[in-house]
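The questions below go through one chain step by step. Each answer ends on the item asked for.

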Amino acid sequence: MYEFIQKFHSGWAYLTLLVLVIAVVNSFIGMSSKKEFTSKDRKIALFALIGTHTQLLIGLILYFVSPLGLASLGQMSDKALRLTSLEHPLINIIAITLITIGWSKHKKLTTSESKFKTFSIFYGLGLLLILSRIPWSMWF
Ligand code: HEM
């Protein structure tokens, strides 16, 4: 069970980061070129939302079955364990909350410019936060 969830979380991370990067780049291009916000742009942002939410669900399960998750929460002096048991989960939950807020906000906006801008800010911040707390040395 642990190994399967761990591999799934590790593999899904590639897909999640890829679609999120595409969504952020797409919103920056849309904002700077003053393009019209189309259903293609909406779909790109939606895929990034679904990808990150799926990763959140897998991450939450992993947190309870991994020896590096909740089980290591007491060991704050160990940098690697502090990252996997506290910093990575907490910062990622904040990042995915920002991404979700960005998605909800865009629905209430009427102009293309404001939609692209909202995605650039909320998805962009979410991406930066996620990248700041990836356990890179374990992943590669
Ligand atoms: C978009 C969000 C996230 C991304 C991109 C992500 C990515 C990753 C990556 C690349 C690893 C290293 C995997 C490896 O060892 O090969 C990892 C480990 C881990 N993640 Fe996440 N993660 C995310 C969200 C979360 C969340 C929300 C939680 C918990 C609530 C979580 C819990 C964990 C745990 C406990 C580990 C260590 C697992 C182990 O090796 O036993 N992750 N994550």
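**Iron site and helix packing**

Q: Which residues coordinate the iron atom of the ligand?
A: In this predicted model, the iron atom of the ligand has protein donors at 2.0 Å. Each of these donors is an NE2 atom, and the residues are His9 and His88.

Q: What is the geometry of the site of the iron atom of the ligand?
A: The iron atom of the ligand has 6 donor atoms, and the angles among them run from 86 to 179 degrees. Six donors count as octahedral if opposite donors are over 155 degrees apart and all others between 65 and 115. The site is classed as octahedral.

Q: How many residues apart in sequence are the parts that the histidine pair ties together?
A: Histidine 9 lies in helix H1 (residues 2-33), and histidine 88 lies in helix H3 (residues 79-108). The pair therefore ties together parts whose separation in sequence is 79 residues.

Q: What pattern does the chain follow along the sequence?
A: The chain has 5 helices and 0 strands. Its C-alpha atoms fill a box of roughly 50 × 30 × 25 Å along the principal axes. Read along the sequence, the pattern is α-α-α-α-α.

Q: Are H1 and H2 roughly parallel or roughly antiparallel?
A: The axes of H1 and H2 come within 8 Å and cross at roughly 155 degrees. Angles over 145 degrees count as roughly antiparallel. H1 is therefore, relative to H2, roughly antiparallel.

Q: How many charged residues does the contact of H1 with H2 have?
A: H1 and H2 meet in a left-handed crossing. By class, their contact has 17 nonpolar and 9 polar residues, and the number of charged residues is 2.

Q: Are H2 and H3 roughly parallel or roughly antiparallel?
A: H2 and H3 pack with their axes 10 Å apart, at an angle of about 150 degrees. That angle makes the direction of H2 relative to H3 roughly antiparallel.

Q: How many nonpolar residues does the contact of H2 with H3 have?
A: H2 passes H3 in a left-handed crossing. The contact includes Leu46, His53 and Tyr63 of H2, and Ile93, Thr100 and Trp103 of H3. By class there are 6 polar residues and 1 charged, while the number of nonpolar residues is 10.

Q: Are H2 and H4 roughly parallel or roughly antiparallel?
A: Helix H2 (residues 39-65) and helix H4 (residues 112-132) have axes that come within 12 Å and cross at roughly 20 degrees. Angles under 35 degrees count as roughly parallel. H2 is therefore, relative to H4, roughly parallel.

Q: Which residues in H4 meet H2?
A: H2 passes H4 in a left-handed crossing. By class, the contact of H2 with H4 has 6 nonpolar, no polar and 1 charged residues. From H2 come Asp41, Ala45, Ala48 and Leu49, and in H4 they meet Phe116, Phe119 and Tyr123.

Note on methods
Residues numbered from 1 in each chain as written. Predicted model: local features only at pLDDT ≥ 70, side-chain atom pairs only at ≥ 80, totals over all residues. Heavy atoms only, no water. Axes fitted to C-alpha atoms, helices over the stretch in contact; angles between N-to-C directions. Helix = DSSP H or I, 4+ residues; strand = E, 2+ residues; numbered from the N terminus. Parallel < 35°, antiparallel > 145°, perpendicular 65-115°, else oblique. Left-handed = near helix turned anticlockwise from the far one by under 90°. Contact = heavy atoms within 4.5 Å. Nonpolar A, V, L, I, M, F, W, Y, C, P; charged D, E, K, R; others polar. Donors = N, O, S within 2.8 Å, 3.2 Å for Na, K, Ca; no water. Tetrahedral: all angles 85-135°; square planar, octahedral: opposite > 155°, others 65-115°.
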